[in-house]
Amino acid sequence: MNTSKDYTISAVQKALKILKLFDENHFEMSLSEISAMTGVGKSSTLRLLYTLASEGFIEFDEKNKTYSLGLVPLHLSILKKNHLDVRKIAVPYLQEISDTKDVICYLGIQREDKVLMIECVVPRIAPSWAQLMIRPGGMRELYSTGIGRLFLSRMPEEELEEYLNHVQVEQFTDKTVTDKTKLHELIKKAGKEGYSFNDGENEPYISSVCAPVFDYNKDMVAGISICGIQELIDGDRREELIHDIVRTAGRISARLGCPA
């Protein structure tokens with residue numbers, strides 16, 4: 001695609017911005033809420049929503065007067081998910097480590113300033129703790145996840161500084177690192193060591209060990225993590241899990257053509 005010229009269409013941009021508003025915290029929204037969040041007037045927002053609804057991208061609840069995502073985004077998401085080569089290659093390896101170690105494994109990719117979890121793999125015989133915490137993916141912040149810090153560690157220093165300067169750091173739990181100097185240190189440490197951690201920073205008592213996945217250009221295209229309650233991830237077992245996740249990431253990278 002030629003990006004040297006601006007061929008964007010304003011109405012399409014506004015419609016797409018509306019679709020991107022919907023997330024785990026904004027499953028349903030009113031016209032007023034959508035208008036306020038996009039900065040687009042109510043009358044224009046209403047026309048955009050009507051168009052999106054007519055094409056199946058948005059659904060309108062007549063009783064509650066709220067809007068939610070329609071089935072078309074789900075269909076497109078599944079179609080894209082099923083054609084991601086990294087997912088097809090990674091899942092069997094993640095299933096192997098999940099079954100042998102009784103842990104949950106995630107596969108995440110970067111989307112702008114977020115980590116998108118595109119796969120969650122659980123043991124075939126899932127322990128009770130795993131059944132309680134299983135979540136079908138979702139978006140996470142780069143700064144608060146092990147996978148995200150690995151992506152950030154690949155950035156040039158100027159780009160990383162720009163990210164840290166503009167990102168609005170939120171306190172998700174009492175373990176979330178909000179000091180940007182400390183975040184910078186953790187990111188650099190992740191890049192140097194080739195793996196990273198999350199110690200209850202997004203959800204209380206949930207830890208993870210993460211490693212990067214590279215393609216044939218040695219570009220990081222995804223990250224994988226072993227996740228579970230802190231008692232299972234931390235302590236004496238951590239070194240073993242670091243070895244497992246780094247080894248598994250290497251096997252997946254090799255299948256993607258990454259040179260040894």
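Select Lys-218 to begin: the residue sits in the loop between β7 and β8 (220–229), where strands are DSSP runs of E with at least two residues, helices are DSSP runs of H or I with at least four, and both are numbered from the N terminus. Phi of Lys-218 is near 65°, a positive value in a residue other than glycine. Lys-218 is partly exposed, with a relative accessible area of 45%; buried means under 20% relative accessible area, exposed over 50%, and partly exposed in between, with a 1.4 Å probe and protein chains only.

The model is predicted: local features need pLDDT of at least 70, side-chain atom pairs count only at pLDDT 80 or more, and totals for chains, interfaces and linings use all residues. Residues are numbered from 1 along each chain as its sequence is written, and side-chain values use heavy atoms, with hydrogens and water left out.

Next, select Tyr-205, in the loop between β6 (196–199) and β7 (206–214). Tyr-205 is not a glycine, although its phi is positive, at about 70°. Is Tyr-205 buried or exposed? Tyr-205 is exposed, with a relative accessible area of 62%.

Now turn to the cysteines. How many disulfides does the count come to? The count comes to zero disulfides, a disulfide being a pair of cysteine sulfur atoms within 2.5 Å. Select Cys-227: the nearest cysteine sulfur is that of Cys-210, 8.2 Å away, and Cys-227 is in no disulfide. Cys-227 is buried, with a relative accessible area of 8%. Then select Cys-258, which is in no disulfide either; for this residue the nearest cysteine sulfur, again that of Cys-210, is 18 Å away. Cys-258 is buried, at a relative accessible area of 17%.

Finally, show the whole chain. Eleven helices and eight strands can be found in the chain. The radius of gyration is 20 Å, close to the 18 Å that the globule rule gives for 260 residues, so the chain is as compact as a globular protein of that length. This radius is taken over C-alpha atoms, and the globule rule is 2.2 Å times the number of residues to the power 0.38. Along the principal axes, the C-alpha atoms fill a box of roughly 60 × 45 × 40 Å. Of the 260 residues, 42% count as buried. Among contacts (heavy atoms within 4.5 Å) between residues at least 6 apart in sequence, 58% join residues at least 24 apart.
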